[in-house]
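Student: Please take a close look at one helix pairing in this model. I would like the geometry, the residues involved and the surroundings in one connected account.

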Amino acid sequence: MKKNMLCLSALLVLLGGCGIEPTHKTTVKDFMDEEGLIRSYAHDEGSGYLSESIGLYMEYLVKEEEAEAFGQQAEKLERHFAARKEDDVFIRWQLVEGTQVNALIDDLRIIGAMEAASEKFGNEDYALTADRLEESIARKQTRDGYLHDFYDWELELPAERITLSYLIDGKSVPEETLDLLRKADGEPVFFPEYYDYNKKSFVQAAEIHMIDQLLIALNRAKIGVKSSEFDRWLAEEWKSEKKLYGRYSRESSEPAVGYESLAVYYYLYDYFQAIGETGPADEVFRYAEKLATDDLLEKSHFFDYIHYQLMLQKHRTEE
């Protein structure tokens, strides 16, 4: 009986059913360097290191209750990415000499992961780290209730805009900033990318990035705002094409590129779930499973790789 159970466990690992084992081992083996830092591309020593990667991996690890692996990443964050300016702490968005800015979306994701890890693993230090990051954002990166994309701690100036897809954590986002999300209706289909504080207006790009659009729609859904025109277009596009591309023309709503992205499918799956479209969400999941061949995953950016793992994880918990 024991032997049979071991065989079943091994089979589940091969099928991807045990979650953390194959994902953690693949991340360590293929994406991490000798110091345990996550590269952007597997086995590519020159592909760079991003705070985005640590934040997404932390998010995955805390949901899998992997306390030791989470602690290792928290240590890498502290040692390599943290920058201090008097009483403030910032997270470098990339590990490149001379980097002097953070990225709000990465910081909010890391704050959320740290808070969740503190509660799940009973580690007060994680909550203290999250508090310090939030306090620095509130002091330096927020003006009159409006969050800014980043803070330059050398020039001591925040960016003069807020990218709407960055507002992923409602608890850390002031109401004044959330009001911008509420006002950012699709015109006629797609949302503006950011709000310019100097011009006091929303700014639209000719080509939209689908990940940004889905994130904005998700951010709006989380605060109870519907996106009717975007939802209608999305439902029709999925029903007719059964796929979604990385970029679209704002004017024509037609694909502007020929590539697909596993991260796009994660956010499409997540958004369909958020608005109660469970049938299309399941179709997206099944399509992404077919798309995610070993060859594709091996060549993917860590952003796509880990989002696919997050989709598998999310689907597992919802079954």
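Tutor: Helix 5 passes helix 6 in a left-handed crossing. The model is predicted, and the values below are computed from it. Helix 5 covers residues 104–121, and helix 6 covers residues 124–140. Their axes lie 7 Å apart and pack at an angle of about 155°. Angles over 145 degrees count as roughly antiparallel, and helix 5 and helix 6 are therefore roughly antiparallel to each other.

On the helix 5 side, the contact is made by Leu-104, Asp-107, Ile-110, Ile-111, Met-114, Glu-115, Ala-117, Ser-118 and Phe-121. Helix 6 contributes Glu-124, Tyr-126, Ala-127, Thr-129, Ala-130, Leu-133, Glu-134 and Ile-137. Sorted by class, the contact of helix 5 with helix 6 holds 11 nonpolar, two polar and four charged residues.

Ile-91 is in strand 2, residues 88–91. Leaving out residues up to four places away in sequence, Ile-91 touches Asp-107, Ile-110 and Leu-133, among others. Asp-107 and Ile-110 belong to the helix 5 side of the contact with helix 6, and Leu-133 to the helix 6 side. The list for Ile-91 also includes Ser-51, Leu-77, Phe-81, Ala-82, Val-101, Asn-102 and Ala-103. Ile-91 counts as buried because its relative accessibility is 2%, and the limit for buried is under 20%.

Asp-106 is another residue of helix 5. Asp-106 has a relative accessible area of 5% and is therefore buried. Again leaving out residues up to four places away in sequence, Asp-106 touches Ser-51, Glu-52 and Trp-93.

The axes of helix 8 (residues 210–222) and helix 9 (residues 228–241) come within 11 Å and cross at roughly 130°. That angle makes helix 8 oblique to helix 9. The crossing of helix 8 with helix 9 is left-handed. Met-210, Gln-213, Leu-214 and Ala-217 of helix 8 meet Phe-230, Trp-233 and Leu-234 of helix 9. By class, the residues in the contact of helix 8 with helix 9 are six nonpolar, one polar and no charged.

One distance relates the two regions. Ile-91 and Glu-241 are 150 residues apart in sequence, and their C-alpha atoms are 40 Å apart in space.

A loop residue gives a further point of reference. Ser-252 sits in the loop between strand 11 (247–249) and helix 10 (262–274). Ser-252 counts as partly exposed because its relative accessibility is 41%. Ser-252 and Val-189 are 63 residues apart along the chain, with 9.9 Å between their C-alpha atoms.

The chain as a whole gives the setting. The chain has 13 helices and 11 strands. Its C-alpha trace spans about 70 × 55 × 35 Å along the principal axes. For 319 residues, a compact globule would have a radius of gyration near 20 Å, and the chain agrees with this at 20 Å. Buried residues make up 49% of the 319 residues. Of the contacts with a separation of 6 or more, 61% are between residues 24 or more positions apart.

Notes. Residues numbered from 1 in each chain as written. Predicted model: local features only at pLDDT ≥ 70, side-chain atom pairs only at ≥ 80, totals over all residues. Heavy atoms only, no water. Axes fitted to C-alpha atoms, helices over the stretch in contact; angles between N-to-C directions. Helix = DSSP H or I, 4+ residues; strand = E, 2+ residues; numbered from the N terminus. Parallel < 35°, antiparallel > 145°, perpendicular 65-115°, else oblique. Left-handed = near helix turned anticlockwise from the far one by under 90°. Contact = heavy atoms within 4.5 Å. Nonpolar A, V, L, I, M, F, W, Y, C, P; charged D, E, K, R; others polar. Rg over C-alpha atoms; globule rule 2.2 N^0.38 Å. Buried < 20%, exposed > 50% of the residue type's maximum accessible area, 1.4 Å probe, protein only.
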